[in-house]
Amino acid sequence: MTDKIARLLVAGSASIHTWRFLSGIAPHVDELYLACNGEVPADKRPVNLKGELRLDFSLKAWSSAGKLKRWIAEVKPDVVHVHQANSVAWHARRALAGSNIPMLLTAWGSDVLLLPEQNRLMRAMVRGNLKAAAAVTSDSLHMAAKIRELAGDCRIALLNYGIDALPPEPVVAAKKKQVLSCRLHKPLYRIDAILKGWAEVEASGRLGDWNLVVAASGSETDNLKRLAASLNLKRVEFAGFVDSATLGRLYAESRVFVSVPRSDATSISLLEAMGHGCLPLLSNLPANGEWAIDGLNGVIAEDVRRLGAQMLRAMEAASDDAALARVAETNRGLVAAKALHQANMAGFADLIRELAANKV
């Protein structure tokens, strides 16, 4: 049996992604420590989480690096694993300055793909964070290339958080004629474009027995509901924020999954939809292209402002049970090979052990 990592200190923001990582890496670690700007929910707290430090990760919180430095000296972790190359990593790399403890940095997506584009200071901060890491993990080849562009010759490992388990094999014939959107209601995810595309579907008079379910919520929810009303949409349901069991049922019922953000790395929702046998309809982003090929196992929309035609194409393709079953088989195979949570967590653990063993 592989030896456990003695002490791992994780630095990350209060997020479901951080909680999932903690629960996934916990079996590989004797003692876990967490520096975070929020409290771990009781039902997400690993039993071997031995200590927490509450930190302000904003850029104006100059004292955070000092607090973290003192805590690192007390805990003496084998590795500090930082989540996101933004201000979280900026505080962590200042805290680790002069230390021989390696920093592993996991990029999440917008921290590398969007933040450096804001201005020169943000670009310099992200570059410095990436270059300070002993290794960086990326969940897509596209983001890895962006990391390489920013940081030059750094060590990069391809790992993702994956989905918990491959869902039961879908019963394609039992699926409803339904399109599912479940990304957050934020401008980044362009749910408004999905509603406008659906308006084109309804106006076309074709596939009138299909409906659109818009799950999730966010800052734009009220605006999106007003938009749907102004477009006089008849076959749209806003499901609101749903728990994981309900979301699983929606995936299992739906034939098409639509997700058209303007920037993205590998999204968990895409992996879940593929695992449940949905045909993915995606925006033309490099990370999406690593999972779906237009006309083979998905539909890629080049122009999201004119989404209606691509929605109709996806719905027509997914109306054929045999064709959808072939897509489901392909996509589930991809998820099983590359995107299961436990296998990826074992990969993270191997990398952390290696960094700890090679500590100077």
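Which residue of β9 does Q178 stand opposite? In this predicted model, where local features need pLDDT of at least 70, side-chain atom pairs count only at pLDDT 80 or more, and totals for chains, interfaces and linings use all residues, Q178 stands opposite N211. Residues are numbered from 1 along each chain as its sequence is written, and side-chain values use heavy atoms, with hydrogens and water left out.

That pair belongs to a parallel arrangement: strand β8 (residues 178-181) and β9 are joined by four bridges. Two strands are taken to pair if DSSP finds at least two bridges between them. Strand β9 itself spans residues 211-215 and is mostly covered, with four of its five residues buried. Here, buried means under 20% relative accessible area, exposed means over 50%, and partly exposed lies in between, using a 1.4 Å probe and protein chains only.

Stepping back to the whole protein chain, 14 helices and 13 strands are found. Both kinds of element are DSSP runs numbered from the N terminus, helices being H or I with at least four residues and strands E with at least two. The C-alpha atoms fill a box of roughly 65 × 45 × 40 Å along the principal axes. Of the 360 residues, 55% are buried. Among contacts between residues at least 6 apart in sequence, 68% join residues at least 24 apart, where contact means heavy atoms within 4.5 Å.

A199 is found in helix α7 (residues 191-204) and is buried, with a relative accessible area of 18%. Leaving aside neighbours within four places in sequence, A199 is in contact with L231 and L233. The residue N232 is 33 residues from A199 along the chain, and the C-alpha atoms of the two are separated by 8.1 Å.

The other example is R20, which lies in helix α1 (residues 16-25). At 16% relative accessibility, R20 counts as buried. With neighbours within four places in sequence again set aside, R20 is in contact with Y161, G162, I163, D164, I268 and H341.
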